Amino acid sequence: MADKLKILITDDSKLLRKKLREVLEQLGCDVIEAENGKEAIMKDLQEQPDGVILDIVMPEVGGIEALQVIKEVNPEMPVIMLSSAGTSQKLKETLDLGALDFIQKPYTQEQIQQAVERIRRKVEENGQ
């Protein structure tokens with residue numbers, strides 16, 4: 001496996017962030033956490049992660065707004081949306097805004113592994 005991927009996970013649920021961190025670390029990723037969209041935008045700018053996993057429904061700044069700002073700043077940033085409020089309209093909206101994928105909660109470890117692989121491929125494509 002190439003260099004470790006640095007993944008920013010953003011969810012207002014501390015428990016979900018903890019569980020997601022464990023899965024990502026098992027997959028060999030370095031993990032940065034944010035608890036809302038505003039914090040995610042700031043950490044995206046400061047930390048320059050390889051990919052972002054964003055919850056949609058969060059206080060202050062939601063995932064869709066954070067996705068828009070992150071994509072404005074870095075159009076190539078791979079972003080995976082994660083939500084329990086998964087309507088087809090939200091799914092379409094996030095994909096139209098440039099999200100790489102949309103995962104419905106509760107997620108499986110396999111879904112997260114596939115998302116990490118998609119992020120890795122995108123990073124390798126962008127690196128060439």
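Mentor: Q48 lies in the loop between helix 2 and strand 3, where helices (H or I, at least four residues) and strands (E, at least two) are DSSP runs numbered from the N terminus. The model is a predicted one, in which local features need pLDDT of at least 70 and side-chain atom pairs count only at pLDDT 80 or more, while totals for chains, interfaces and linings use all residues. Residues are numbered from 1 along each chain as its sequence is written, and side-chain values use heavy atoms, with hydrogens and water left out.

Although Q48 is not a glycine, its phi is positive, at about 50 degrees. Most residues other than glycine have a negative phi, and most peptide bonds are trans. Q48 counts as exposed because its relative accessibility is 53%; buried means under 20% relative accessible area, exposed over 50%, and partly exposed in between, with a 1.4 Å probe and protein chains only. E60, in the loop between strand 3 and helix 3, also has a positive phi, near 65 degrees, and E60 is exposed at 62%.

Strand 3 (residues 51-55) runs parallel to strand 4 and is joined to it by four bridges, with V52 bridged to V79. Strand 4 (residues 79-83) has five of its five residues buried: V79, M81 and S83 on one side, I80 and L82 on the other. In a regular strand the side chains alternate between the two faces of the sheet. L67, in helix 3 (residues 63-73), is buried because its relative accessibility is 0%, and beyond its neighbours within four places in sequence, L67 contacts L54, V79, M81, T94, L97 and A99.

On to strand 5, which pairs with strand 4 in the parallel sense over four bridges; there, S83 has Q104 as its partner. The loop between strand 5 and helix 5 holds P106, and the peptide bond from K105 to P106 is cis, with omega near -5 degrees.

In helix 5, Q114 counts as partly exposed because its relative accessibility is 46%. The axes of helix 1 (residues 14-26) and helix 5 (residues 109-127) come within 10 Å and cross at roughly 60 degrees. The two helices are therefore oblique to each other, since angles under 35 degrees count as roughly parallel, over 145 as roughly antiparallel, 65 to 115 as roughly perpendicular and the rest as oblique. L20, V23, L24 and Q26 in helix 1 meet Q109, I112 and V116 in helix 5.

Note on methods. Axes are lines fitted to C-alpha atoms, for helices over the stretch in contact, and angles run from 0 to 180 degrees between N-to-C directions. Contact means heavy atoms within 4.5 Å. Two strands pair if DSSP finds at least two bridges between them.
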